[in-house]
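Visitor: I've got a model up on the screen and would like a walk through it. Could you take my questions one at a time?

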Amino acid sequence: MGKKRVAFALLMVEVDFSLSLETTKQTRNDKLTFHISVLNKNDMKPNSILSKQTRRDFIQKGALAASSFFIVPRHVLGKGFVAPSDKLNIAGVGVGGKGFSDVNNAYHNGTNNIVALCDIDWGRAKQSLDKHSNAARYKDFRVMFDKEAKNIDAVTVSTADHSHAVVAMAAMQLGKHVYVQKPLTHNIYEARMLTEAARKHQVVTQMGNQGSSNPAQKTMVDWFDSGLIGKVHTVHVWTNRPVWPQGIALPTASDAPSDIDWDVWIGPAQKVGYSPGYHPFKWRGWWNFGAGALGDIGCHQIDVPFRVLGLGSPTEVECSVGAVFLKDWVSEYIPDGCPPSSQVKIKFGATAKNKSDVTLHWSDGGIRPFRPDFLPEGVPLSDDGGDNGVFMIGDKGLMMCGMYGQNPKIYTSTGQLIEAPKSDRRQSTTPEWGHQLLWTEACKAGFGSEAHRGLTSSFDFAGPLTESVLMGNLAIRSYNIRTSGSNGFKYPGRKKLLWDGANMKITNFDDANQFVRRQYREGWSLGV
């Protein structure tokens, strides 16, 4: 036989050994996994040590390397590679309140590792810190990323709205998968940038609108696709939010407690003094930090028609805002605060799924829609007493559901009632329909995997949804723009605003464009 030339390629070999260890009363099988890495042939330069080795030397040294093993973070082994422990190493930023359940549901009873936790208020984060006591602790996410990046595969972000984008972008630029609470971002520009960054850095993403993983939403998609309600022309979405103070004067500032890192909490927002009227919960009612009722519930409720109808970028938006009167005949003017109630009308063009223009009506502050024609008398507007709900009105009937897409129904124009299968109405045994767990499994499978494509709120969906939701806030904030004249104040933004989605611009009222993106505080940047 003639001589054969052997070229060594890059090898990553996973070897499982089952070791039977006899003890006095039982046999225990321990599974040991390690990886052997061999240089790529392109690295074997003519004058390299390896090229001068004999085959016997190479095999002997390879065997020596194989006799030891080590465990490294998944990202070191490459995107989508299953690490030896088959566990994701997760860090959490903002781990009090909702952040606890986000971290804990991703942890999933030890399915994954929680390796680092970051919160500016360790007192509020105590539940997370106690449960994951071995995790490294930080108050500044930037310090955490500097010190722990090599140990982290994925990050949950459950801070106040104004910090979502800067934390998530920093993580993605390090190649980390991210789970970000709703709304995805504080403004439209940030949503667009995160969507593009997720593709650029090829990371697996999910927004925290957990109802999107509710199987009942898939049922509604199937109902619509089968033509049960025909073409939809009108959508109503409503909520009882805000359930925190809005339409009030700015809080009085004071010194922050010594155990709270207030400067890090402020992050990219404009600097203000500490107040319990901001942290830990009431920040939602102030534009500097929150996104009001729309930001809180819009990504849950508008998710349903956006998904079912396949909606795209809005074409126009208009609003009406509730006023507050503390003095006779003179309404309060609080442009820094979200209003006590609002109604917003957003128009969308026809789509491949729905061959009709759609007008979406949003209302909050307890304002509910009137009973639509197809809904029989005596039937509640929604299953929570009418506080929150969705109507999609087509030419053949009405589709409706409650919060998170629960308990969907159809009332057809002929009077027929169609309800979801009982399996859709059962409470999920996995918290929040497995929304965080599915994200972690997709992270393990890797960017572009079937598990990744199956996620219900990756940024390819959540980004455009968030942009559409925040269009409502752009209109609400424009509503309060005022100028002074000889006859008093004028409000030029109280009109229909026309939107150029591709260029992220209002075309008929330039002052509204200040709300498309924000000016970050000195020292802070989105990094794009």
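Visitor: How many salt bridges does a search of the whole structure find?

Guide: First, a word on what we have here: this is a predicted model, where local features need pLDDT of at least 70 and side-chain atom pairs count only at pLDDT 80 or more, while totals for chains, interfaces and linings use all residues. Residues are numbered from 1 along each chain as its sequence is written, and side-chain values use heavy atoms, with hydrogens and water left out. A salt bridge here is a side-chain nitrogen of Lys or Arg within 4 Å of a carboxyl oxygen of Asp or Glu. Searching the whole structure with that rule, the total is 18.

Visitor: Which residue does Asp222 meet in a salt bridge?

Guide: Asp222 is partly exposed at 37% relative accessibility (buried means under 20% relative accessible area, exposed over 50%, partly exposed in between, with a 1.4 Å probe and protein chains only). Helices here are DSSP runs of H or I with at least four residues, strands are runs of E with at least two, and both are numbered from the N terminus. The N to O distance is 2.9 Å, and the partner is Lys218.

Visitor: How many residues apart in sequence are the parts that Asp225 and Lys353 tie together?

Guide: The closest N and O atoms of this salt bridge are 3.1 Å apart. Both ends are partly exposed, Asp225 at 48% and Lys353 at 34%. Asp225 belongs to helix α9 and Lys353 to the loop between β13 and β14 (358-363), so the bridge ties together parts whose separation in sequence is 128 residues.

Visitor: And Glu316, which forms a salt bridge with Lys496: is Glu316 buried or exposed?

Guide: The closest N and O atoms of the pair are 3.4 Å apart. Lys496 lies in the loop between β20 (488-490) and β21 and Glu316 in strand β10, so parts 180 residues apart in sequence are tied together. Lys496 is partly exposed at 35%. Glu316 has a relative accessible area of 14%, which makes it buried.

Visitor: Which strands stand at the edges of the open sheet of ten strands?

Guide: Pairing takes at least two DSSP bridges between two strands. The order is β18-β17-β16-β15-β9-β14-β13-β10-β21-β22, with mixed pairing. Each edge strand has a single partner, so one of its sides has no neighbour in the sheet; the two are β18 (417-419) and β22 (505-506).

Visitor: Which helix packs on that sheet?

Guide: The helix touches β10 (314-321), β13 (342-348), β21 (497-500) and β22, where contact means heavy atoms within 4.5 Å. Its direction makes about 45° with that of β10; axes are lines fitted to C-alpha atoms, for helices over the stretch in contact, and angles run from 0 to 180 degrees between N-to-C directions. The helix is α16 (residues 459-479).
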